[in-house]
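Have the model open as you read.

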Protein chains: 2
Amino acid sequence: MPELSNSPFAPGPLNQLRAKRDRGRYDASEIFAILDCATVAHVGFVHDGRPMVIPMIFGRDEDRLYLHGVRKGRITSTAAGAPVCITVTLVDGIVVARSMFDASMNYRSVVIHGHAREIEDQAHRLHALRRISEQVLPGRWDEVREPFEKEVKGTSVLEVVIEAASAKVRSGPPMDDRVPGDERVWAGVIPMLTSFGQPVVDAEVPTDVALPPSVVALTKEAGLK
Amino acid sequence: MPELSNSPFAPGPLNQLRAKRDRGRYDASEIFAILDCATVAHVGFVHDGRPMVIPMIFGRDEDRLYLHGVRKGRITSTAAGAPVCITVTLVDGIVVARSMFDASMNYRSVVIHGHAREIEDQAHRLHALRRISEQVLPGRWDEVREPFEKEVKGTSVLEVVIEAASAKVRSGPPMDDRVPGDERVWAGVIPMLTSFGQPVVDAEVPTDVALPPSVVALTKEAGLK
């Protein structure tokens, strides 16, 4: 296993990009900004010698990420104590080039390495669950009742302190190796956007109950979350 | 390493859901439909005992997936011959429940297990690259020049035959454990959509060059790709 560098955000054996190095970013604030825009992370761990990659929602508090799952689920029982890789990807566009070789994607991605540790302390568990909730729908936690004790007990909550992190970013137009004959080939970028649709109220909610502020705020945000 | 079942789509030790089993799908056509809607996959492999998860574009041909990367990149050099996990996630909405415990996401995800194998045959490599291209922007391959031999040679192309696969799908309204006092709490779903913006033409394309059919077709599609 490669040794980790002193700062999780300095390029080291684990997080330094090997290919297309100009796309690498090792700045904590840029890495946090990408994480904070994402709704879902892809969490990798090793299970019986095989890689497993599972989509999960997550939360962040400074240099640590929080995950949760059903107690005794595959992730929470095998990932706890083990090395994990948490990857977040925001796809911003399709880069249409003059040749297939130069075709690309615009994106912002972050790869985090760390170890998952199960949180036992009740207050810490609640704090982590709140951060996960805030990441998905800011403000919602305070609009609903406190979790029941049995609900929190039935949930595994994992903490992953960031040990190594890097971001990879591509933006802008195609970077073509121009060749004779491609002068009239169309090239450019097709932007990709993630947006929210009109909220669909549950059939059992009385018709005079207004949309809560959390939902209003999220769906009023323009474009990408 | 768990043994694989005879059919990659039958529930087995590797792909059977352990938690929330009612969300599991083991039907090839449903799994393929989810894969075919996605632009990016998260590819997991084991590197020096650690899990690595990297976002990659991909292509599919029946029960095999194709990946590509820079020759001698981290993925193509460590994943070739090794077990990989390829996960695709389409996020469809935020499920806003009457309590945090019942909050959820609507999504369609697929987890594929297999081994990555480097393709050496030139015609097979071109076929795989075409499938990857078609997955991202259908029709584009035929609009541009054939790849140069040196371009294909500088690219590693991997084939992953699906050995085990499962999909996990959640849709619909919140499934709340109703408690006294929550009668007037708003609940519902905030749909999430991925869409394409207006194409941005590269500055060097002459103004009388029209949008190619591939770009017109993709951006005319409504909503989720």
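L193(A) stands opposite S195(B), a residue of β10(B). The pairing behind that is antiparallel, with five bridges between β10(A) and β10 of chain B, residues 188–196. Strands here are DSSP runs of E with at least two residues, helices are runs of H or I with at least four, and both are numbered from the N terminus. Two strands count as paired if DSSP finds at least two bridges between them.

A word on the ground rules. This is a predicted model, in which local features need pLDDT of at least 70 and side-chain atom pairs count only at pLDDT 80 or more, while totals for chains, interfaces and linings use all residues. Residues are numbered from 1 along each chain as its sequence is written, and chains are lettered from A and ligands numbered from 1 in the order in which they are written.

How many residues of each chain take part in the contact between them? There are 78 from chain A, touching 78 from chain B, where contact means that the C-beta atoms, placed from the backbone, lie within 7 Å. Elements giving two or more residues to the chain A side include β6 (83–96), β7 (104–118), α3 (122–136) and α5 (213–220). β10(A) gives the most, with nine residues. By type, that side of chain A holds 52 nonpolar, 16 polar and ten charged residues; Ala, Val, Leu, Ile, Met, Phe, Trp, Tyr, Cys and Pro count as nonpolar, Asp, Glu, Lys and Arg as charged, and the others, Gly among them, as polar. The copies meet through the same surface, because 100% of the interface residues of chain A are also interface residues in chain B.

Next, the inside. The largest nonpolar core has 117 residues, and I86(A), V96(A), I86(B), I94(B) and V96(B) touch the most other members. Such a core is a set of buried Ala, Val, Leu, Ile, Met, Phe, Trp, Tyr and Cys residues joined through C-beta atoms within 7 Å. Take V96(B): leaving aside neighbours within four places in sequence, its contacts include L137(A), R140(A) and V215(A), along with P174(B) and V189(B).

Chain A itself has five helices and eleven strands. Of its 225 residues, 41% are buried, that is, have 20 or more other C-beta atoms within 10 Å of their own C-beta; 12 or fewer makes a residue exposed, and anything in between partly exposed.

Finally, look at the hairpin of β2(A) and β3(A), which has two residues between its strands. β3(A) is largely enclosed by the rest of the structure, since six of its seven residues are buried. D48(A), in the turn, has a positive phi of about 55° although it is not a glycine. D48(A) counts as exposed because it has 11 C-beta neighbours inside 10 Å.

Methods. Contact = placed C-beta atoms within 7 Å.
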